Amino acid sequence: MAEDFPDYLDVDYSAGEGESPEDYPTLEDKVEKAIEVTRRGLEEYRNPAIMWTGGKDSTLVLYFVKEVAEQFDLEMPPAVFIDHYQHFDELHDFVEHWAEAWDLDVVYARNEDVGQYVDANGLTPGDDIPIGDLNEQNQHHVRNLLEYDEETFPFLLDTYVGNHLLKTVALNNALEAHDVDGILSGIRWDEQEARADETFFSPRHDPDVYPPHDRIQPILQFDERAVWDAFWNYVVPETVEGYPAGHVPQSYDDLPNDLTHEDIPVSPKYFAGFRSLGSEVSTDKSAEEPAWLQDLEGTTERAGRAQDKEDLMERLRDLGYM
């Protein structure tokens, strides 16, 4: 990281304080703000990157970055994909397909130490990993930062130790290796209480916890409904030739003009009833109909995921979790 970070930046870290999605009442308001934040991020940061999970929120951010980079003749930053070893196979296929279709430079962030131990010992999700067999960095995080005193932890993404090592440590190592000073991410205010106070430019400057950087968050002002509205009115019709703007698929097979799922930058898992794509081990579909047709306002977005503890999310956020 440059020695003068963040002095070379001209961003308002308080932008968005006290706001909520209701402060951006129309989809056009939300899109306009997303473009503003995205452009500022691409112009201000020397080495920005995009956090891309293959899910709806990060793919929406990726769309805004692509559009802004093209419109204002700015460099397209790389995308960082955290491979936590427990993704749906369909998600890997989706990321690989669209990375090639959109000519993206994808950085795969992995905790290689944990992955190598799992492979060498033939472990499957839920098996225990001895902390003493991990490298010095991982032991430091477990013992000193997480203050975890058990001898083993389960190889599961949706646990305190597993989430931190498989996602946060992997991400922070990638940010350091690629000298990233600002990462664009798909965090929303309405998603969880732990994220309700986020700002559009969120500082992460403590070198004892993570590589100093900022989080650039263009879609804080979106709610789940608005994300899907943006897909069917902007993302899909503007990136898929022959897709009629405003057409909302009513089922898995309801795609117009002989288009297939490979043509649509929306994971087939959402068509199949999933609203969240966290892990093949601990995420279930929340209903049979596509995600955008479900009761988004009356049910919990992460109802299909095992991990939804606010105190846990707050602690992980402090350690660098998205």
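Predicted model: local features only at pLDDT ≥ 70, side-chain atom pairs only at ≥ 80, totals over all residues.
Helices here are DSSP runs of H or I with at least four residues, numbered from the N terminus. Just after α6, D179 takes a positive phi of about 55°.

Helix α6 itself covers residues 160–177, 18 residues in total. From its first C-alpha to its last, α6 reaches 24 Å, which is close to the 26 Å expected at 1.5 Å a residue. The helix has a kink of about 25°, and the kink is centred on T168. Because 15 of the 18 residues of α6 are buried, the helix is largely enclosed by the rest of the structure.

One of the neighbours of α6 is α5, made up of residues 136–145. At its start, the backbone nitrogen of Q137 has a side-chain oxygen of N135 within 3.3 Å. Within α5, N138, H141 and V142 are buried. Viewed down the axis of α5, the buried residues fall within an arc of 90°, so they line one face of the helix. An α-helix has 3.6 residues a turn, so residues three or four places apart point the same way. The partners against which the buried residues of α5 pack are α4 (112–120) and α6. Just after α5, E147 takes a positive phi of about 55°.

Leaving aside residues up to four places away in sequence, its contacts include L27, V31, A34, L60, F64, V227 and A230. K30, R188 and D190 are also among the residues that F222 touches, as is P21.

A last stop is strand β7, residues 201–204, where S202 is found. Is S202 buried or exposed? Its relative accessibility is 2%, and buried means under 20%, so S202 counts as buried. The side chain of S202 is joined to that of R204 by a polar contact of 2.4 Å.

Definitions and conventions: Residues numbered from 1 in each chain as written. Heavy atoms only, no water. Helix = DSSP H or I, 4+ residues; strand = E, 2+ residues; numbered from the N terminus. Expected span 1.5 Å × (residues − 1). Bend = angle between axes of the 7 residues up to and from the residue. Buried < 20%, exposed > 50% of the residue type's maximum accessible area, 1.4 Å probe, protein only. Arc of directions from axis to C-beta. Contact = heavy atoms within 4.5 Å. Polar contact = N/O pair within 3.5 Å; in protein donor to acceptor, adjacent residues only side chain to side chain.
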